[in-house]
Amino acid sequence: MHDAVTLESKGIPTAVIITKEFTLEAQTQRDALGMQDLNWVAIQHPLSTLTEAEIGQRIDEAIPQIVNVWIRGKAKIN
């Protein structure tokens, strides 16, 4: 989150990727860092126990949201 705030403050669109399990933590960090307009990309939890194919599915889930963050500044949450 710190890196994203630094990049965004320099005008570089950034897509922070989190799992939905950590939405509250991401919001807390973002707000504490003074970047309330920073939006993240939320994918399904967990990641650590997934197969390569399942990780590929998470990537497929994230890509449209990443593009929306880069273009519109907001993830399209499903």
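Start by selecting arginine 30 and aspartate 31, whose side chains meet in a salt bridge at 3.1 Å, N to O. The term salt bridge stands for a side-chain nitrogen of Lys or Arg within 4 Å of a carboxyl oxygen of Asp or Glu. Side chains of opposite charge can pair when their charged atoms come close.

Before moving on, a word about what is on your screen. This is a predicted model, where local features need pLDDT of at least 70 and side-chain atom pairs count only at pLDDT 80 or more, while totals for chains, interfaces and linings use all residues. Residues are numbered from 1 along each chain as its sequence is written, and side-chain values use heavy atoms, with hydrogens and water left out.

Now show the surface around the pair. Arginine 30 counts as buried because its relative accessibility is 11%, whereas aspartate 31, at 30%, counts as partly exposed. Here buried means under 20% relative accessible area, exposed means over 50%, and partly exposed is in between (1.4 Å probe, protein chains only).

Next, select residues 23-32, which make up helix H2, and pick out threonine 28. Threonine 28 has a relative accessible area of 48%, so it is partly exposed. Then draw a distance from threonine 28 to isoleucine 55: the two are 27 residues apart in sequence and 26 Å apart in space, C-alpha to C-alpha.

Isoleucine 55 leads you to the next stop. Select Ile55, Ile59, Ile63, Val67, Trp70 and Ile71, which form a nonpolar patch on the surface with about 570 Å² of accessible area together. Such patches are made of residues with over 30% relative accessible area and no salt bridge; nonpolar side chains (Val, Leu, Ile, Met, Phe, Trp, Tyr) are joined within 5 Å, and like charges within 9 Å. Accessible areas come from the Shrake-Rupley method with a 1.4 Å probe, and for residues only the protein chains shown count as cover. Isoleucine 63 counts as partly exposed because its relative accessibility is 43%.

Finally, zoom out and switch to cartoon view. You will find three helices and two strands, in the order α-β-α-β-α along the sequence. Helices (H or I, at least four residues) and strands (E, at least two) are DSSP runs, numbered from the N terminus. Of the 78 residues in the protein, 29% are buried.
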